Amino acid sequence: MLRIHFTADDLGRVRLAAGADPLWETRLSARVVNDPEGARGALGQWRSEVVRDLPRQALPYLHLTPSRGYSPDFLVPETGSVDLASGIQAVLGTPAGRMAAELARLDVASPLSGWVHYLASGAPRALQGLRATITAYHRHAVAPVWDRVWSAVEADRAAHAHGLVTEGARDTLAALHPRITWSGHTLRIDDGRHDRDIHLAGRGLRLVPSYFCGDVPVTFEDPGLTPALVLPVVHSPYEAASRDESAGAALALLLGRTRAAALRALATPVTTGALARRTSASPASASQHAAVLRQAGLVVSRRDGRYVVHTLTTLGARLLAAAERGEAATGRQRPPKP
């Protein structure tokens, strides 16, 4: 059981990550790759594709990210990352003493132990090897599905942002995940591990939605690091490896004026009620429009308490950009390459 203790100041400092974090997604996806029995649904389909032809250069990174037990905190910058290059640079800038101490806790099989000891020494060539193995793994496993990751995280961020604005921090924290409960000033996460406590003490908490997080929220092992809670996102049906064949028929429906207006109304995440107001439609009609857009893979929908929040996927944003003659007119950009 993980317990995160809030002060009154911390409740006012709950914030969301800026978007999908390349280093968190890379680290957590590697744990999925290392867990053949635990990967299910969309993640299971993704894993089966990844493991077929893993490049040899990616293997050392997988030994740093076991599916169970300890994985070094330094593999993810404590303040987050917005792109792979700057994130890796932050990882390589980890103080040598901290890197060595965290690697010493890692349970590594003998064939890799020499490389891990070499990395713990902080030798420049070892650090460049770390850069190479992170890059090789990410390029093979995460980069090909980055649009999918970005869309899922954006939908989850929109739902949490809506909750923070409309319901407040306490109610939003209480509804974050089925394994999370809120009592008094303490957030309890039933993660199946030993009891441990994080006292925020005015530092606040950064919420990080993650596509590859699995079923259980996670955080840094070291309570002294900048507090972050990584949350599993909802894997919508459209995100499976192959979409439903009805998507093609649903796309044809988008040629109508009404649904084109609905697509434009979704340039920013909205609830069903807001979508109805923006399109001068009834809530039932707005819900139907969102359902068709969702079937076509243009929208993801996420329930947040009494509301359903709709967000454009990358495909939806691109289509809207083309319809309005350029991405600048849409206010939405293609997800940044990690």
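Tutor: Start with an inventory. The chain holds 15 helices and ten strands. Keep in mind that this is a predicted model.

Student: What share of the 338 residues in the chain is buried?

Tutor: Buried residues account for 51% of them. A residue counts as buried when its relative accessible area is under 20%.

Student: How do contacts relate to distance along the sequence?

Tutor: Take the contacts between residues at least 6 apart in sequence: 71% of these join residues at least 24 apart.

Student: How do I describe two helices that pack together?

Tutor: Two packed helices are described by the angle between their axes and the distance between the axes. Here, α2 (residues 22-33) packs with α5 (residues 84-92) at an angle of about 75°, and their axes are 9 Å apart. That angle makes α2 roughly perpendicular to α5, because angles of 65 to 115 degrees count as roughly perpendicular.

Student: Which residues of α2 and α5 meet?

Tutor: From α2 come Pro22, Leu23 and Thr26; from α5 come Leu84, Gly87, Ile88 and Val91. Sorted by class, this contact has five nonpolar, two polar and no charged residues.

Student: Let me try another pair. At what angle do α12 and α14 pack?

Tutor: Helix α12 (residues 257-265) and helix α14 (residues 283-295) pack at about 80°, with their axes 10 Å apart. These helices are therefore roughly perpendicular to each other. On the α12 side the contact uses Thr258, Arg259, Ala262 and Leu263, and on the α14 side Gln288, His289, Val292 and Leu293. By class, the contact of α12 with α14 has four nonpolar, three polar and one charged residues.

Student: Next, sheets. What holds the strands together?

Tutor: Strands of a sheet pair through backbone hydrogen bonds, either parallel or antiparallel. In this model, three strands form an open sheet in the order β2-β6-β7, with parallel pairing. The edge strands, β2 (14-16) and β7 (228-232), each pair on one side only. On average, neighbouring strands of this sheet are turned by 30° against each other, direction ignored.

Student: How many bridges join β6 and β7?

Tutor: Strand β6 (residues 205-210) pairs with β7 over five bridges, in the parallel sense. As one example, Val208 has Val230 in β7 as its bridge partner. Now look back at α2: this helix lies across β6 and β7 and runs at about 55° to β6.

Student: Which residues have the most contacts inside the largest nonpolar core?

Tutor: They are Trp46, Leu130 and Tyr137, in a core of 52 residues. Follow Tyr137: among the residues it touches are Thr26, Ser29, Ala30 and Val33, and also Trp46 and Leu54. A second, separate core has 19 residues, including Leu11, Leu187, Ile189 and Leu205.

Student: What does Glu167 touch beyond residues up to four places away in sequence?

Tutor: Glu167 touches His162, Thr172, Arg306 and Tyr307. The C-alpha atoms of Glu167 and Asp304 are separated by 10.0 Å, although these residues are 137 residues apart along the chain.

Terms used. Residues numbered from 1 in each chain as written. Predicted model: local features only at pLDDT ≥ 70, side-chain atom pairs only at ≥ 80, totals over all residues. Heavy atoms only, no water. Axes fitted to C-alpha atoms, helices over the stretch in contact; angles between N-to-C directions. Helix = DSSP H or I, 4+ residues; strand = E, 2+ residues; numbered from the N terminus. Parallel < 35°, antiparallel > 145°, perpendicular 65-115°, else oblique. Contact = heavy atoms within 4.5 Å. Nonpolar A, V, L, I, M, F, W, Y, C, P; charged D, E, K, R; others polar. Core = buried A, V, L, I, M, F, W, Y, C linked by side-chain atoms within 4.5 Å. Buried < 20%, exposed > 50% of the residue type's maximum accessible area, 1.4 Å probe, protein only. Pairing = 2+ DSSP bridges.
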